[in-house]
Amino acid sequence: PLPCRSLRIVAESYAIKGLCLEKVKPSSTSKIKQVEWEEQMGKCFELAGDLTLLFLQEQDKIQQQIVTTLTGSHSPQPQNVTSNMGPILETAVQRAPLLYIQTGKISLAVSRYRSMLCAVESGGTHSLRLTLTRQLAEVLLRGYTGLRYSAPGTGPKSTKAMSAWKPRVYTGLNLFIPRTENEEIILLLLISEAMAVRDAVLSQSPEFKEQRIRALSSATGIYDLLSICLVRWGQVSLLHESLERAMKFAYEDSHIWLQQALCLESMGHYVHAMAVLKEVIRLLPNKVLPCLIAAKICYQHLNLINEGMEWSSKALARQNSNPQNLFSRCHLYIGIGALYGAIISHLKQEKENLFNLAADSFLKAQQSDPNDHLVEYYIALTHANRAQVTDAVTHVKAALNLCPEHLSSLHLMVLLLTAQKQMNEAHVLLESALEDFPSSLNLMYVKAHLELHSHGGEVALTTAKKMLELWKILYEEQTQAHSDHHSENRSVFHLYTSEMSDKDSNSIHAHSLAASRVEQAMSEVASTISSYAQRPGPQHAWSLQLQVWLLLAEIYLSLDQIPDAAASIHEASRIFPLSYHIMYTLSRKS
């Protein structure tokens with residue numbers, strides 16, 4: 001083989017030739033000449049890239065020999081040597097796959113990226129490998145998916161023998177080779193993240209400001225790609241681990257902190273997400289969106305209506321001082337908070353004031369954006385809660401005209417039709433909605449009630465059983481994942497068993513034994529309570545199942561099947577023992 005100096009000279013020669021060919025296009029318009037020019041240019045850049053990687057590997061080899069000669073020992077750890085390849089060679093290494101992408105040869109570009117990444121890493125390729133892994137992940141995400149994708153090693157094998165001018169590649173028996181596009185993209189991005197974290201600048205000294213900004217910008221791009229693919233594939237916990245590692249060098253970086261808050265919300269860690277969002281709001285004193293996200297979490301997950309209205313008001317103040325085209329959304333969120341506050345309020349005057357505030361806020365949101373279906377939906381919901389059914393129907397129809405696929409509007413329309421005693425129209429709309437949303441437990445719940453009052457308990461019982469099967473498909477994996485950390489992990493799907501398992505009474509604390517004796521005299525529920533704590537796991541899923549069991553109990557009561565109704569109530573009490581819905585159903589059974 002050539003000495004290192006000669007390898008570099010030849011590599012630079014091919015690189016310069018490729019750059020010159022790129023600048024001087026063929027004078028002929030012939031397609032054959034154009035293809036020959038593209039192939040010659042790509043070949044020059046490929047040769048330059050291979051020779052560059054081989055040159056850097058030989059440089060590391062020589063450096064290792066020098067260190068071994070001087071110290072008299074060989075260390076298995078690689079030496080911390082950085083060989084500068086120069087801008088010409090660095091451009092040539094990255095240019096070949098980019099040219100293939102520009103000419104539409106995506107498979108050749110992917111193959112070239114893979115061949116360069118399979119080369120044994122050397123001291124001068126650390127930053128280059130970070131760039132190549134991220135670029136390959138972007139190509140796979142954007143244009144090389146589905147049927148076009150082929151896993152590494154599955155393409156046509158090269159018949160040429162391994163050339164002495166090719167860089168050395170990793171070989172072995174226990175190498176991990178991705179089998180799907182998802183595995184390859186995640187592997188590439190996790191490798192990129194590991195290198196970005198390694199190169200991160202932790203010092204906050206002013207002299208490292210430019211290096212810190214450059215390293216953070218590179219890492220941010222990787223975390224954005226990770227967010228796109230991991231959230232798409234439901235791997236939010238893996239994204240959370242990556243963002244946790246980013247926190248140590250993302251000091252007061254609002255973008256990373258906002259990603260972390262959204263990730264925590266997706267995982268169901270709402271209190272932690274709110275704490276992170278407050279930091280984001282501090283870092284972005286003029287942005288409206290973080291305040292609206294905080295308000296949504298307060299309304300939807302934390303049941304903090306007043307705090308949610310405060311965040312919505314802050315968002316409106318920021319919108320007024322720094323317009324960001326979110327005026328309608330700010331008023332909508334204020335109206336949502338006022339509406340839910342009015343629903344849960346027990347004081348007549350307070351309820352009326354909140355309803356008026358909600359109506360006024362929705363009206364301002366409607367004036368700002370008359371084509372927003374959510375505004376029309378919440379106006380209809382406000383009228384429905386005030387027993388103004390005709391006005392509610394008018395606005396929910398407007399919402400469906402703007403967005404016919406809005407599930408909540410369809411649900412509300414069915415309920416309003418039943419309120420107007422239009423059962424046939426409600427049933428027809430319900431069946432049509434279930435064709436579009438077959439996994440909606442809310443629509444099936446309404447359907448079961450309609451069937452119970454229109455067609456009898458046997459028909460409604462069939463729907464309720466389908467609901468239980470659907471719940472199992474949608475949520476059982478989530479609940480079991482949380483239940484694996486607890487000693488109690490038994491299936492709740494025992495609809496027709498007559499023998500109920502004994503409860504473990506060891507979880508009842510000694511100081512509550514006297515209280516439990518009093519409760520036994522109050523109702524039959526207390527005898528089935530093993531713990532006052534709710535089931536571990538996503539409470540939304542358990543709440544849905546609780547409603548299904550109570551629905552089954554109601555249907556069984558209508559059919560005078562008391563033992564089956566008692567079994568259903570028993571299963572419901574295992575989910576949420578102190579639910580007042582259970583108490584009410586028990587009183588009906590008695």
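**Reading salt bridges, a helix and its core**

Modeller: Arg 129 forms a salt bridge with Glu 121, and their closest N and O atoms are 3.9 Å apart. The model is a predicted one, in which local features need pLDDT of at least 70, side-chain atom pairs count only at pLDDT 80 or more, and totals for chains, interfaces and linings use all residues. Residues are numbered from 1 along each chain as its sequence is written, and side-chain values use heavy atoms, with hydrogens and water left out.

Biologist: What is a salt bridge, and how many does the structure hold?

Modeller: A salt bridge is a side-chain nitrogen of Lys or Arg within 4 Å of a carboxyl oxygen of Asp or Glu. The structure holds 17 of them. One joins Lys 166 to Asp 50, with the closest N and O atoms 2.9 Å apart. Lys 166 lies in the loop between helix 5 (126–143) and helix 6 (181–198), and Asp 50 in helix 2 (residues 31–71), so this pair ties together parts that are 116 residues apart in sequence. Helices are DSSP runs of H or I with at least four residues, numbered from the N terminus.

Biologist: Is Asp 50 buried or exposed?

Modeller: Buried means under 20% relative accessible area, exposed over 50%, and partly exposed in between, using a 1.4 Å probe and protein chains only. Asp 50 is buried at 7%, while Lys 166 is partly exposed at 36%.

Biologist: Which side chain of opposite charge is nearest to Arg 318?

Modeller: Lys and Arg count as positive and Asp and Glu as negative, while His and the chain ends are not counted. For Arg 318, the nearest side chain of opposite charge is Glu 279, 11 Å away; Arg 318 is buried yet has no salt bridge. A polar atom of the Arg 318 side chain lies 2.7 Å from the backbone oxygen of Lys 287, and one lies 3.3 Å from the backbone oxygen of Ile 281.

Biologist: Where does Arg 318 lie, and what covers the buried residues of that helix?

Modeller: Arg 318 lies in helix 12 (residues 305–321). The buried residues of helix 12 include Trp 311, Leu 316 and Arg 318. Their cover includes helix 10 (270–283), helix 11 (289–302), helix 13 (327–344) and helix 14.

Biologist: Which residues have the most contacts inside the largest nonpolar core?

Modeller: In soluble globular proteins, nonpolar side chains tend to be buried together. A nonpolar core is a set of buried Ala, Val, Leu, Ile, Met, Phe, Trp, Tyr and Cys residues joined through side-chain atoms within 4.5 Å. The largest has 92 residues, and those with the most contacts inside it are Trp 311, Leu 332, Phe 362, Tyr 378 and Leu 552. Its largest share, 13 residues, comes from helix 22 (residues 539–558). Apart from this core lies another, of 62 residues, among them Met 41 and Val 110.

Terms used: Helix = DSSP H or I, 4+ residues; strand = E, 2+ residues; numbered from the N terminus. Polar contact = N/O pair within 3.5 Å; in protein donor to acceptor, adjacent residues only side chain to side chain. Contact = heavy atoms within 4.5 Å.
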